[in-house]
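Let's take a tour of a protein model together. Keep the 3D view open and follow along as you read.

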Amino acid sequence: LLELCRRQAGVYIKAGQHISSLRPVVPSEITDTLSCLCDDAPQSELRHVQRIVREEFGLELDDAFDRFDPQPIGCASLAQVHRAI
């Protein structure tokens, strides 16, 4: 289940996070396994970030920003954050 959530990403990670919070209802073997999704979401590849910026803003990263750090400072289930100027 954990591998499925990580592989499919997005709402699957969000669903895994929700399941991990259902401790009184869901067995601890499952909630303990899925709890890592709450603070260790997978990082999107830079090519995906570039594609999203291109599709959403019609710009390449180099044109949109003077500097863009390819290493995210934070990753979550539905987004990640980069330093950019």
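Here is a look at charged pairs, a pocket and a surface patch.

## What you're looking at

Before we start, keep in mind that this is a predicted model.

## Pairs of opposite charge

Side chains of opposite charge can pair when their charged atoms come close. In this model, the count comes to four salt bridges.

Next, find helix 4, which covers residues 46-57. Arg-51 and Glu-55 form a salt bridge here, with their closest N and O atoms 3.4 Å apart. These two residues sit four apart in the helix, so about one helical turn separates them. Arg-51 is partly exposed, with a relative accessible area of 35%, while Glu-55 has 53% and counts as exposed.

Now for Glu-60 and Arg-54: their salt bridge has its closest N and O atoms 2.8 Å apart. Glu-60 is partly exposed at 36% relative accessibility, and Arg-54 is partly exposed at 37%.

## The largest pocket

Rolling a probe the size of a water molecule over the atoms shows where empty space is left. The largest pocket here has a volume of about 560 Å³. How many residues line it, and which lie nearest its centre? The lining has 26 residues, and the ones nearest the centre are Ser-44, Val-49, Ile-52, Ala-79 and Gln-80.

Helix 4 shows up again: with seven residues, this helix gives the most to the pocket's lining. And what is the lining made of? It divides into 15 nonpolar residues, seven polar and four charged.

Turn the model to find a nonpolar surface patch of about 570 Å². Leu-1, Leu-4, Val-11, Tyr-12, Ile-30 and Leu-78 make up this patch.

Zoom in on Leu-78 for a moment. Where does Leu-78 lie? You'll find Leu-78 in the loop between strand 1 (74-75) and strand 2 (80-81). Its relative accessible area is 59%, so Leu-78 counts as exposed.

Conventions
Residues are numbered from 1 along each chain as its sequence is written. This is a predicted model: local features need pLDDT of at least 70, side-chain atom pairs count only at pLDDT 80 or more; totals for chains, interfaces and linings use all residues. Side-chain values use heavy atoms; hydrogens and water are left out. A salt bridge is a side-chain nitrogen of Lys or Arg within 4 Å of a carboxyl oxygen of Asp or Glu. Buried means under 20% relative accessible area, exposed over 50%, partly exposed in between (1.4 Å probe, protein chains only). On a 1 Å grid over the protein atoms alone, a cavity is a set of points where a 1.4 Å probe fits but cannot get out, and a pocket is an open set with protein on both sides within 12 Å along at least five of seven lines; lining residues have an atom within 4 Å of a point. Grid points are joined across faces, edges and corners, and a volume is the space filled by probe spheres set on the points. Ala, Val, Leu, Ile, Met, Phe, Trp, Tyr, Cys and Pro count as nonpolar, Asp, Glu, Lys and Arg as charged, and the others, Gly among them, as polar. Patches are made of residues with over 30% relative accessible area and no salt bridge: like charges are joined within 9 Å, nonpolar side chains (Val, Leu, Ile, Met, Phe, Trp, Tyr) within 5 Å. Accessible areas come from the Shrake-Rupley method with a 1.4 Å probe; for residues, only the protein chains shown count as cover.
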